[in-house]
Amino acid sequence: MICASPTGGGAVMDPSPEFRDWANLPELPLSEVLRGLLPCLRSVYAFAAACQPWRRLLQDSAADLVRPRIPPLLLLCPTYRVVPFSQLVVAALLSSYPVPGDATLLSASRGHLVLLRRRDPFHGLHLVDALTGATRHALPLPSPHFAYHYAALAPSRRLLLFHSKHAFFSLPVGDAGHNPRLDWTKHSLPRAASFVRSILEFRGRVLGLTDRAQLLEFHLDANPPNKSAQMLHAAGLPEVSTFDRWHFGPHLVAAGDRLLLVLFMMGPKLGHMFETLVSVKKVGVYALDMVKMRWEEVDNIGAYSLFVDCAGRSTAACVDVENCGVEANRIYIAAPGCRDWYAWRPGREVPLGGQGLGPLSIQAMNHLPWPSQIWIYPRLLF
């Protein structure tokens, strides 16, 4: 309603509630509104749909405020149905979606599944929305002859594609259906590095982890490209031969201000030359002292709980989610041999043949293109 000014000036807006500028509320009270909606994803989506300023605040605070307070969703395989950890996150089951049978999962990264397809006419990399299954990008490979083992989306909207211990490719990825550039840039890796198996953003830095638990830092804008990655030497880890490097693999995760490393410590191998049974005897968690550059094993991660995804090679840390049935100081594992998830205490010893993750057949795991369930988050939260 427009009224005349009591001082005889021009018209002024009626300060009644219907004319308040809800779009430009101060950040602090608006953040408290958002916090009160968690962990319900439907409410989070409604918040983002209200207006552009609210959506920007959600995306700016997703890493520190939103994701740590929502446990990830579980993508069941091979039905490809998304289920929540708790009905407080999603009240109803989400519909399943088809995944091409010839697709190899390279990673679950920033709300996407990164799939490698080798058959024509779909030959290339496919970025699929992890929540809906919609293909957002279909990208040509740098070369059809390389054996690509991992790919991930970096925070700078670049797709990183790894094909050896010595080099990787990067490609800017825009919005769905729009790629201003389709030329891959080749980068070198340090000569001492092994195979990169995960990428993580931590305090504004892009870090990587190899199958030997080596820590890397990426500078994707470095010139020349052979300076794009450097090794960060850190001491304190057990011998490489004592933990699994590939089927379960080491996992890097940011838990608040701490950088944590999860290692699956292996027991003796059993079986014969054609089928080997392996058993996890302990899940070790290590925290990095950034000053001394030394890993220290911890048996308590405080109020945090970790969600480890072996197939998608991603790990999430959640805090303050007890109302979702998530216990603090637990590691929830989606791994080969687990129908949904398995909860484990950090550092817990599990005797060979005990319950644990049990004996697992490496041969059987190698025959499964998607060997286990996958933890995912919606794209909205990145």
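How many helices and how many strands are there in the chain? The chain contains four helices and 28 strands, where helices (H or I, at least four residues) and strands (E, at least two) are DSSP runs numbered from the N terminus. The structure is a predicted model, in which local features need pLDDT of at least 70, side-chain atom pairs count only at pLDDT 80 or more, and totals for chains, interfaces and linings use all residues. Residues are numbered from 1 along each chain as its sequence is written, and side-chain values use heavy atoms, with hydrogens and water left out.

**The chain as a whole**

Of the 382 residues in the chain, 51% are buried. Here buried means under 20% relative accessible area, exposed means over 50%, and partly exposed lies in between (1.4 Å probe, protein chains only). Among the contacts with a separation of 6 or more, 56% are between residues 24 or more positions apart; a contact means heavy atoms within 4.5 Å.

Strands of a sheet pair through backbone hydrogen bonds, either parallel or antiparallel. In this report two strands count as paired if DSSP finds at least two bridges between them.

| Strand pair | Bridges | Opposite residues |
| Strand 17 and strand 18 | five bridges | Leu252 and Leu261 |

Strand 9 and strand 10 form a hairpin with three residues between them. In that turn, Arg157 has a positive phi of about 60 degrees. A further hairpin, through four residues, joins strand 10 to strand 11.

Four strands form an open sheet in the order 17-18-21-22, with antiparallel pairing. Its edge strands are strand 17 (251-255) and strand 22 (294-298), each of which pairs on one side only. The twist averages 35 degrees from one strand to the next; axes are lines fitted to C-alpha atoms, for helices over the stretch in contact, and angles run from 0 to 180 degrees between N-to-C directions.

Pro250 is placed in the loop between strand 16 (229-232) and strand 17. Why does Pro250 count as buried? Pro250 counts as buried because its relative accessibility is 1%. Not counting residues up to four places away in sequence, Pro250 touches several residues, including Arg197, Leu209, Asp244 and Leu261. Pro250 and Leu209 are 41 residues apart in sequence and 7.8 Å apart in space, C-alpha to C-alpha.

**The cavity**

A search of the whole structure finds one cavity of 30 Å³ or more. A cavity is a set of points, on a 1 Å grid over the protein atoms alone, where a 1.4 Å probe fits but cannot get out, and lining residues have an atom within 4 Å of a point. The largest cavity holds about 30 Å³ of space. Among the residues that line the largest cavity are Ala303, Ser305, Cys318, Asp320 and Glu327. By class, this lining has six nonpolar, one polar and three charged residues. Ala, Val, Leu, Ile, Met, Phe, Trp, Tyr, Cys and Pro count as nonpolar, Asp, Glu, Lys and Arg as charged, and the others, Gly among them, as polar.

Definitions and conventions: On a 1 Å grid over the protein atoms alone, a cavity is a set of points where a 1.4 Å probe fits but cannot get out, and a pocket is an open set with protein on both sides within 12 Å along at least five of seven lines; lining residues have an atom within 4 Å of a point. Grid points are joined across faces, edges and corners, and a volume is the space filled by probe spheres set on the points.
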